Amino acid sequence: METSASEILLDFPPMFRLYKDGRIERLLGTEIVPPGLDPKTNVESKDVVFSQETAQIVRIYIPPNATGKLPLLVYSHGGGFCIESASSPTYHNYLNALVAEANIVAVSVDYRLAPEHPLPAAYDDSWFAVKWVASHFGGNGPEEWLNRHADFNNVCLSGDSAGANIAHHMAVKMTKEKIDGFNLAGIVLTHPYFWGKEPVGDEIKVPAIREKIDLLWRFSYPTTSGSDDQWINPIDDPSFGSLACSRVLVCVAENDILKHRGLHYCEKLKQSGWGSEVELMESPGEEHVFHLHKPSCENAAAKLKKVADFINQGKA
């Protein structure tokens, strides 16, 4: 018979289990790989602590034979705010491939995870990281790679799933809190983790999945007002269309339940009066974050090229 401490309070496969004693067992996203020279792409990476207070790191990537100023990407990983990290092989491999394809500098942000650090910790960490990156404008920051190679006139924010949610909110926050010398050219939202109390699209057909996503959100943000909280459902936020950029690319996957939120986001952004460019890319026959798990498939290669081209649109 199980002791009370070993009893499962919440089972959320394939991501994690929560036990009654408060212990969390992560089933995915716990593996880590060191930075360094990637033999496949010749992309080089290093880890740098950006917050002494929380000991969080960013992993910085530069392409082979980097010279001069290059477009800068600030990336937030996915995982429902509960799993994964910037040191995960899944994200390390993806950033190596993207940096090589696009010939850019990338900063992959590690933020604190729920439930040990419930939301809004991930948003707070991400904003602190953005400001830390921006401190290199003018070439006087603590990290030489950013001083030497980051083009702060051409910055993109991106992420997948929960990381796409973060990228949206950072772009909104940048309209309220200006950062000198940091020109946000665009954001790339891949399979964004947005939600809402009222179903959109085909969400109404999958009540069990809707209930599971509601539960995940409350798990990561215990003090939330619910699934219409503006952090998870930004559509009704008065600042929704106040993005500090002129271009948005939203990527969705045909067989991903979150696709309908991505489509809804695009339509509402077009109607918001924002008035700038919104692009949509849908990958046929694919599931949520397929490109991370099947990076060599045809649709993943097409998506990688689309994102690389989007980032490079802002080059002078």
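**Close-up views of a predicted protein model**

**Figure 1. Overall fold of the predicted model.** The protein contains eight helices and eleven strands. Its radius of gyration is 19 Å, close to the 20 Å that the globule rule gives for 316 residues, so the protein is as compact as a globular protein of that length. This is a predicted model. The C-alpha trace spans about 60 × 45 × 40 Å along its principal axes. Of the 316 residues, 55% count as buried. Among the contacts with a separation of 6 or more, 71% are between residues 24 or more positions apart. The protein exposes about 13600 Å², of which carbon and sulfur atoms supply 50%. There are 29 positive and 41 negative charges, and their mean positions are 3 Å apart.

Figure 2. Strand S2 covers residues 16-19, and Phe 16 belongs to it. Phe 16 is buried, because its relative accessibility is 0% and the term applies to values under 20%. Beyond its neighbours within four places in sequence, Phe 16 is in contact with several residues, including Leu 10, Ile 24, Leu 27, Cys 82, Leu 216 and Phe 219. Among its other contacts are the charged residues Asp 11, Glu 25 and Arg 26. Gly 78 lies 62 residues from Phe 16 in sequence, and their C-alpha atoms are 14 Å apart in space.

**Figure 3. Cysteines without a disulfide.** A disulfide is a covalent bond between the sulfur atoms of two cysteines. The structure holds zero disulfides. For Cys 245, the closest cysteine sulfur is that of Cys 156, at 8.2 Å, which is too far for a bond because a disulfide requires sulfur atoms within 2.5 Å. Cys 251 is likewise in no disulfide, with the nearest cysteine sulfur, in Cys 266, 9.3 Å away. Cys 245 is buried, at 7% relative accessible area. Cys 251 is also buried, at 1%.

Figure 4. Most peptide bonds are trans. The bond from Ala 114 to Pro 115, however, is cis, with omega near 5°. Pro 115 lies in the loop that runs between strand S7 (105-109) and helix H2 (121-134). A cis peptide bond also joins Leu 119 and Pro 120, where omega is about 15°. Pro 120 is likewise placed in the loop between S7 and H2.

Figure 5. Most residues other than glycine have a negative phi. Asn 103 is not a glycine, yet its phi is positive, near 55°. This residue is found in the loop between helix H1 (89-102) and S7, and it is partly exposed, at 34% relative accessibility. Ser 161 also has a positive phi, of about 55°, although it is not a glycine. Ser 161 lies in the loop between strand S8 (150-160) and helix H4 (162-176). With a relative accessible area of 8%, Ser 161 is buried.

Figure 6. His 260 lies in helix H6, which covers residues 259-271, and counts as buried at 13% relative accessibility. Apart from its neighbours within four places in sequence, His 260 is in contact with Val 200, Gly 201, Asp 202 and Glu 203. Pro 284 is located in the loop between strand S11 (277-283) and helix H7 (290-293). Its contacts, again leaving aside neighbours within four places in sequence, are with Glu 254 and Asn 299. The C-alpha atoms of Pro 284 and Ala 253 are 6.4 Å apart, although 31 residues separate the two along the chain.

Note on methods
Residues are numbered from 1 along each chain as its sequence is written. This is a predicted model: local features need pLDDT of at least 70, side-chain atom pairs count only at pLDDT 80 or more; totals for chains, interfaces and linings use all residues. Side-chain values use heavy atoms; hydrogens and water are left out. Buried means under 20% relative accessible area, exposed over 50%, partly exposed in between (1.4 Å probe, protein chains only). Helices (H or I, at least four residues) and strands (E, at least two) are DSSP runs, numbered from the N terminus. Contact means heavy atoms within 4.5 Å. The radius of gyration is taken over C-alpha atoms; the globule rule is 2.2 Å times the number of residues to the power 0.38. Accessible areas come from the Shrake-Rupley method with a 1.4 Å probe; for residues, only the protein chains shown count as cover. The place of a charge is taken as NZ of Lys, CZ of Arg, CG of Asp or CD of Glu.
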